[in-house]
Structures are given as structure tokens and as C-alpha cells.
Amino acid sequence: MHHGVAQDATAPATLPAEPYGSVVPSGPAPTDNRYDVLGKMFAPFVNILLTDTKNPNHAALLTIVFEEVSGRLPKQFKGATLSAAVQYPDKVKLTAPILGEQATVCRDGDNIWAVPGEKVQFLLKQFKVDLKPGKVSATPFTMPINAQQAVFLPALFTVEDGGIQELNGESCRVLEGGLMPEIAKAVKAEDFRAKVWIAAGYLPRRIEIRRKDFVAVIGIKDLRFGPALTKATWQPPADAKDIFRTSAGNLDKILYVVMNSLKSKKGETPWTVAK
């Protein structure tokens, strides 16, 4: 497998299409036991987000679209497209629409850069975020579980089989469920329900999340895994002058303000900031 070449550092570099690609894969939807299907869907993400394994793929590219939103989620979210690149152990990059243009936040080792820097700083002030060095995560970003716990991820859910459905020309296995009752009660998420469409190769193509006060349907338009991305992926654009820089310990805070400002218009106050 050959590494991809990044032409523009504001967008993720490309990865080869094998063994997982953005093209419609040949073959039927998976028909294994429903918990096995869920586990095999999670597996490549665990390799990249949580641990260094013998699996050769340590990087991923992902593009998602908020297809539907309702309830307490702002209507501006609908249609928002986000692109991400991740590489174990310490690289992650997100490009998303905020304040009238595409913004990029990138962690490269112990450092973070973001463009356009002025708008990212504006958001940090609006959300009254106090940037501090903080503890640097040993994984691309902070996760609520470790690699050992991730093995048991499927067992945390009650999974119902929704059969085979066609989605955008692909045959998908549909699984639906929530958290195990004891876990749901402990985290106060008894109302949580999720539905996922899984294509050949155990690739998730759509995820629907429901709570009593919102619904979000997220389409996964591109998902690829590979050994690594080019060094240029993790560098600011060569012509960029408005670059904000900080330490990697602030990644979660910066991602929070960006995600909570999706599709905000130029000059407006982000929707989640208290009036």
C-alpha cells in the first residue's frame, strides 16, 4: 500500500482504497452474528484511536455530513460537512465550517495549530475558554475508555437486528439498540438509542442517534484506513499567515468550541454561548 500525497495541508491527504475505500465496495452486507458485526466495525477505530497493534493501518480519513437534526440541536447543523484525519499515536486534524469559512484544527505531537487563527481565538473568547498546558493525551485525543476496555464495546449495548437495507446503492446490515440497562442508568442515558447502517467490509455508512430531546442522523461519506499519512498533512498551508498555536493539552477545548459553532455565520455569537 502506498502512502497518499497531500496537495493542500488544509485538507486531509489521500489514502489508498484498499482494504477499505470510499468507493462502493463489492459484495453483500455482513451477515455474521450481530455482536460480531458491531465488534468488527469498531476494530479498525480501536487500532488507530487507542493502541499500537500489529495491524498495519494506523491512520484514517473520514468525511461525515449531518443529514438530519432536530430537537435541541440547532437547525444550522443540517448539511454541515466535516473532514478528519487521524494517525496513531499523536496526530488528529479536523476541518469544519465555522463563522462563514472552513476552519482547520490540527494536533501534531505536542503542538496544536489552527487556521484561521483569529476566528478560532474569537470562539475561545466567546466560550470563555481558559487555555492551559494541560495533560497531553497518549492517544490522538482523550477517550473515555482504554484499549483493554474497547474489546468489550459490543457487550455494552443491547443490539437488535434490523435486517438488510439498501442505502445509496449499497447493501447494508442495520443494527439498532441502546446501552445495557445498568450502564444506561449509571450514566443517565436510559433514553439513548442508536441505529447504524453497516456495508461490506464492516464499514459504517450512516448513524442515527436519538435522545428524548434531539435526533441526529450522520452520513459517513468517506472512510479509509491505511498505514500513514504524509508529513504535509499535519502542517499548516504554506501560504497561511493567520495561524493560532497552542499546546496539545488544549485539544479537547478547541475541538469543543469548533464543534459547537458549526455553520455559524461570520461575526455572529456561537449558538451555545449563554445569553
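**Figure 1. Asparagine 260 and its contact with tyrosine 256.** The side chain of asparagine 260 reaches to 2.8 Å from the backbone oxygen of tyrosine 256. The model shown in this and the following views is predicted. Asparagine 260 belongs to the segment after α5 (251-259). With a relative accessibility of 15%, asparagine 260 counts as buried.

Figure 2. Between the C-alpha atoms of leucine 123 and serine 261 the separation is 8.1 Å, although the two residues are 138 residues apart along the chain. The C-alpha atom of glycine 117 is separated by 7.9 Å from that of arginine 245, a residue 128 residues away along the chain.

Figure 3. The structure holds 4 aromatic pairs. One of them is formed by phenylalanine 45 and phenylalanine 225, whose rings are arranged edge-to-face. The description of such a pair rests on the distance of the ring centres and the angle of the planes. For phenylalanine 45 and phenylalanine 225, these values are 5.4 Å centre to centre and 80° between the planes. The angle is over 60 degrees, the limit above which a pair counts as edge-to-face. Phenylalanine 45 lies in helix α1 (residues 34-49) and phenylalanine 225 in strand β10 (residues 214-226), so the pair ties together parts that are 180 residues apart in sequence. Phenylalanine 45 counts as partly exposed, at 25% relative accessibility, whereas phenylalanine 225 is buried, with a relative accessible area of 2%.

**Figure 4. Helix α1: start, span and bend.** At the start of α1, a side-chain oxygen of asparagine 33 comes to within 2.8 Å of the backbone nitrogen of tyrosine 35. The helix has 16 residues, and the distance from its first C-alpha to its last is 23 Å, close to the 22 Å expected at 1.5 Å a residue. At alanine 43, α1 bends by about 30°. The buried residues of α1 include Val37, Leu38, Met41 and Pro44. Val46, Asn47, Ile48 and Leu49 of α1 are buried as well.

Figure 5. In strand β3 (residues 91-98), 8 of the 8 residues are buried, so the strand is largely enclosed by the rest of the structure. Side chains in a regular strand alternate between the two faces of the sheet. In β3, Lys91, Lys93, Thr95 and Pro97 point one way, while Val92, Leu94, Ala96 and Ile98 point the other way. Strand β2 (residues 81-87) pairs with β3 in the antiparallel sense over 5 bridges, and the two strands form a hairpin with 3 residues between them. Within this pairing, lysine 91 is the bridge partner of glutamine 87. Strand β4 (residues 101-108) also pairs with β3 in the antiparallel sense, over 8 bridges. Here the bridge partner of lysine 91 is aspartate 108. The hairpin of β3 and β4 has 2 residues between the strands, and leucine 99 takes a positive phi near 50°.

**Figure 6. A side-chain contact of threonine 95.** Threonine 95 has its place in strand β3. At 9% relative accessibility, threonine 95 counts as buried. Its side chain makes a polar contact with the side chain of threonine 104, at 3.0 Å.

**Figure 7. The hairpin of strands β6 and β7.** Strand β6 (residues 157-167) and strand β7 (residues 170-179) pair in the antiparallel sense over 9 bridges. Glutamate 170 in β7 is the bridge partner of leucine 167. The hairpin has 2 residues between the strands, and asparagine 168 adopts a positive phi near 50°.

**Figure 8. Arginine 206 and the ring of tryptophan 197.** Arginine 206 is placed over the face of tryptophan 197, at 5.3 Å from the ring centre.

Key:
Residues are numbered from 1 along each chain as its sequence is written. This is a predicted model: local features need pLDDT of at least 70, side-chain atom pairs count only at pLDDT 80 or more; totals for chains, interfaces and linings use all residues. Side-chain values use heavy atoms; hydrogens and water are left out. Rings of Phe, Tyr and Trp (its six-membered ring) pair if their centres lie within 6.5 Å; planes under 30 degrees apart count as stacked, over 60 as edge-to-face and the rest as tilted. Helices (H or I, at least four residues) and strands (E, at least two) are DSSP runs, numbered from the N terminus. Buried means under 20% relative accessible area, exposed over 50%, partly exposed in between (1.4 Å probe, protein chains only). A charge sits over a ring if NZ of Lys or CZ of Arg is within 6 Å of the ring centre and within 35 degrees of the ring normal. The expected span of a helix is 1.5 Å times one less than its number of residues. The bend at a residue is the angle between axes fitted to the seven residues ending there and the seven starting there. A polar contact is a pair of N or O atoms within 3.5 Å; within protein, one must be able to donate a hydrogen and the other to accept it, and residues adjacent in sequence count only if both atoms are side-chain atoms. Two strands pair if DSSP finds at least two bridges between them.
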